[in-house]
Amino acid sequence: MGEVKINIRFLRADDFDAIVKIDNKVLGLYRPEYYKLKFEKLVQSKDYVPTSLVAETENGMVVGFIMGELYIGEFGISQEKATLDTIGVDPDYQRRGIGKLLINEYLAHLKKLGVEKVNTLVDWDDAKLIHFFSANKFSPSKVINLERTL
Ligand SMILES: CC(C)(COP(=O)(O)OP(=O)(O)OC[C@H]1O[C@@H](n2cnc3c(N)ncnc32)[C@H](O)[C@@H]1OP(=O)(O)O)[C@@H](O)C(=O)NCCC(=O)NCCS
């Protein structure tokens with residue numbers, strides 16, 4: 001596996017197709033509607049603060065992304081918390097540190113904006129993702145997610 005030079009930049013509206021494709025490759029799901037809603041919320045909201053990132057190769061091919069939310073309120077940043085909703089790296093480019101690079105850039109940027117904590121939800125059965133987040137210094141929070149089946 002050769003070295004690839006990776007550039008991290010903010011997500012743009014025209015990354016839509018690349019992200020739907022990577023998501024399809026990593027999760028085996030085709031869900032353009034889900035990403036359409038996310039993009040509308042992220043790129044078109046007037047309160048949107050750019051935080052979501054993509055990883056691209058030297059020739060501009062998007063091979064990974066990280067998406068989360070942070071909104072500024074009336075008096076500047078009202079929350080010290082942000083979320084990390086989705087992360088994905090093209091299977092052909094995994095295990096080369098791209099996921100780590102995306103997380104580090106994402107967190108460094110949020111820290112500069114005054115964010116003190118980032119939350120993410122992970123399926124208890126998804127050992128690979130839990131391992132990845134653990135390797136990136138995420139740990140279980142004291143708040144637990146309650147649910148009731150209806
Ligand atoms: C999780 C994911 C983003 C990791 O991307 P990546 O670029 O391969 O990650 P990195 O190369 O930065 O790996 C960092 C560390 O995470 C851990 N890790 C990553 N993939 C792993 C795997 N398959 N099994 C165990 N540990 C893993 C390792 O500790 C790894 O460090 P190492 O390679 O030095 O051992 C990628 O595997 C992915 O897109 N998975 C599917 C995403 C998903 O399920 N998203 C759901 C919505 S959140």
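These questions and answers walk through the predicted model shown above, from strands to ligand shell to helices and loops.

Visitor: How are residues numbered, and what pLDDT do local features need?
Guide: Residues are numbered from 1 along each chain as its sequence is written. In this predicted model side-chain atom pairs count only at pLDDT 80 or more, totals for chains, interfaces and linings use all residues, and local features need pLDDT of at least 70.

Visitor: How many of the 5 residues of strand E1 are buried?
Guide: Strands (E, at least two residues) and helices (H or I, at least four) are DSSP runs, numbered from the N terminus. A residue is buried if 20 or more other C-beta atoms lie within 10 Å of its own, exposed if 12 or fewer, and partly exposed in between, with C-beta atoms placed from the backbone. E1 covers residues 6-10 and is hardly covered. Its count of buried residues is 0.

Visitor: Which residue in E2 stands opposite Ile 8?
Guide: Two strands pair if DSSP finds at least two bridges between them. E1 and E2 (residues 53-57) are joined by 5 bridges and run antiparallel. Opposite Ile 8 stands Ala 55.

Visitor: In E5, which residue is the bridge partner of Lys 81?
Guide: E3 and E4 pair over 6 bridges in the antiparallel sense. In that pairing Glu 69 has Thr 83 in E4 as its bridge partner. E4 and E5 run parallel, joined by 3 bridges. The E5 partner of Lys 81 is Lys 117.

Visitor: Which element gives the most residues to the shell around the ligand?
Guide: The ligand is surrounded by 18 residues, the closest being Val 89, Gln 94, Gly 99, Lys 100 and Ala 135. H1 (16-27), E4 (81-89), H3 (98-112) and H4 (127-135) each supply at least two residues of the shell. With 5 residues, the most comes from H4.

Visitor: How many residues of the shell around the ligand are charged?
Guide: Ala, Val, Leu, Ile, Met, Phe, Trp, Tyr, Cys and Pro count as nonpolar, Asp, Glu, Lys and Arg as charged, and the others, Gly among them, as polar. The shell has 8 nonpolar and 6 polar residues. Its charged residues number 4.

Visitor: How far apart are the end C-alpha atoms of H3?
Guide: The expected span of a helix is 1.5 Å times one less than its number of residues. H3 has 15 residues, so it should span 21 Å. The computed distance agrees: 21 Å.

Visitor: What arc do the buried residues of H3 cover?
Guide: The buried residues of H3 are Ile 98, Gly 99, Leu 102, Ile 103, Tyr 106 and Leu 110. They lie on the same side of H3, because their arc, taken from the directions from the helix axis to the C-beta atoms, is only 140 degrees.

Visitor: Which residues on the other side of H3 are exposed?
Guide: Two residues are in contact if their C-beta atoms, placed from the backbone, lie within 7 Å. The buried residues of H3 pack against E1, E2, E3 (62-69), E4, E5 (117-119) and H4. On the other side, the exposed residues are Ala 108, Lys 111 and Lys 112.

Visitor: Is Arg 95 buried or exposed?
Guide: Arg 95 sits in the loop between E4 and H3. Its phi is near 60 degrees, a positive value in a residue other than glycine. It has 9 C-beta neighbours inside 10 Å, so Arg 95 counts as exposed.

Visitor: How many other C-beta atoms lie within 10 Å of Lys 137?
Guide: Lys 137 lies in the segment after H4. Its phi is positive, near 65 degrees, and the residue is not glycine. Lys 137 is exposed, and the C-beta count is 8.

Visitor: Which residues is Asp 23 in contact with, leaving aside its neighbours within four places in sequence?
Guide: Asp 23 lies in helix H1. With 19 other C-beta atoms within 10 Å, it is partly exposed. Its contacts are Leu 29, Arg 31 and Gly 88.

Visitor: How far apart in space are Val 49 and Leu 113, C-alpha to C-alpha?
Guide: Val 49 is in the loop between H2 (32-44) and E2. In sequence, Val 49 and Leu 113 are 64 residues apart. In space, C-alpha to C-alpha, the distance is 9.6 Å.

Notes: A residue is near a molecule or strand if its C-beta atom, placed from the backbone, lies within 6 Å of it.
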